[in-house]
Amino acid sequence: MAQKKLKRFAEIKTFGNVFEYPENIAGHWKEFFKNDNPIVLELACGKGEYTTGLATLQPGNNYIGVDVKGNRIWVGARFAKENKLTNVAFLRTQIHQISSYFEKNEVKEIWVTFPDPQLRISRSNRRLTHPRYLRLYYEFLLPGGSIHLKTDSPDLYYFTKRVIGLFSLKLHEDIKNIHDQENLSEELRIKTHYEKLDIAKSNSIFYLRFSLPETGIPNADAELEKLLKFDNKSVTR
């Protein structure tokens, strides 16, 4: 397995659609895509099923999958190359560095699909819908741009709903289980590797679409931390 990973790490260095910790890329993505079409990100993209799936459905947008695991990115990048998806790129980096790679208003939308829910309260600030990350997204997301969360974790779903209310975010869509929807959009029909595994065993796929306040993310972090600590005490009693 280690040898397989090493081979993939070497291969993605030759892929023209993969950028590993690039310097001075902010504001220059149109040079790679050769157009000014809107940019949509998939954060913690894993094998890139959503990145390539959305790119196939909506060729008028450019899609960038972001993850730190080169072994996983290789799968999506190879698929994009083999299927000639010219509106797809992959960015290998840590998510907490994401604002270094995009200029203000350079990104139209963000998808967060089946991220690690970071279930321990002590690691809640690593959840990709924590205000710590929302402030990073605010630096480059277009005003009113949608953030999509798709997860099988009820903990992450309810945490995000709490953040939406506490930090004055605008909620556009709230689905407790997409499998109960009769007229599900093509976007939400895309399945990732982790969705198929159903790791959380919740038998539900939660979906939220929300946007950030145009004036920035308010400072309610202390209140959020208090609520999380209270929740933790309630569970451990």
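Predicted model: local features only at pLDDT ≥ 70, side-chain atom pairs only at ≥ 80, totals over all residues.
The strands form an open sheet of eight, arranged in the order β1-β4-β3-β2-β5-β6-β8-β7, and their pairing is mixed. At the edges stand β1, residues 18–20, and β7, residues 170–175, each of which pairs on one side only. Direction ignored, neighbouring strands of this sheet are turned against each other by 15 degrees on average.

Within this order, β6 (residues 146–151) and β8 (residues 206–211) run antiparallel and are joined by six bridges, and T151 has F206 of β8 opposite to it. Helix α3, which covers residues 49–57, packs on the sheet and touches β2, β3 (62–67), β4 (88–92), β5 (109–113) and β6. The direction of α3 makes about 160 degrees with that of β4.

## Aromatic pairs around F19

The count of aromatic pairs in the model comes to ten. One of them joins F19 to W29 in an edge-to-face arrangement, with 5.0 Å from centre to centre and 70 degrees between the planes. Because F19 belongs to strand β1 and W29 to helix α2, this pair ties together parts that are ten residues apart in sequence. F19 has a relative accessible area of 16% and is therefore buried, the limit being under 20%; W29, at 0%, is buried as well.

F19 also forms an edge-to-face pair with F32, with the centres 5.3 Å apart and the planes at 90 degrees. This second pair links distant parts of the chain, since F19 lies in strand β1 and F32 in helix α2, 13 residues apart. F32 has a relative accessibility of 25%, so this residue counts as partly exposed. Ring pairs bring F19, W29 and F32 into a cluster that also includes F33, F102, Y137 and F140.

## Charges over rings

Two contacts between a charged side chain and an aromatic ring can be described here. The charged end of K104 sits over the ring of Y138, at 5.9 Å from the ring centre, while R127 lies over the face of F159, at 4.6 Å from the centre of that ring.

## Helix α6

Helix α6 comprises 13 residues, 154–166. The expected span is 1.5 Å times one less than the number of residues, which means that α6 should span 18 Å, and the separation of its end C-alpha atoms, 18 Å, agrees with this.

The buried residues of α6 are L156, Y157, F159, T160, V163, I164 and L166; F159 among them is the residue whose ring face lies under R127. After the helix comes S168, which has a positive phi, near 60 degrees.

## The loop residue P38

P38 is placed in the loop that runs between α2 (29–33) and β2 (39–43). Its relative accessible area is 34%, so P38 is classed as partly exposed, a class that lies between the limits of 20% and 50%. Leaving aside residues up to four places away in sequence, P38 touches G60, N61, N62 and K108.

Definitions and conventions
Residues numbered from 1 in each chain as written. Heavy atoms only, no water. Helix = DSSP H or I, 4+ residues; strand = E, 2+ residues; numbered from the N terminus. Buried < 20%, exposed > 50% of the residue type's maximum accessible area, 1.4 Å probe, protein only. Contact = heavy atoms within 4.5 Å. Pairing = 2+ DSSP bridges. Axes fitted to C-alpha atoms, helices over the stretch in contact; angles between N-to-C directions. Phe/Tyr/Trp six-rings, centres within 6.5 Å; stacked < 30°, edge-to-face > 60°. Lys NZ or Arg CZ within 6 Å of the ring centre and 35° of its normal.
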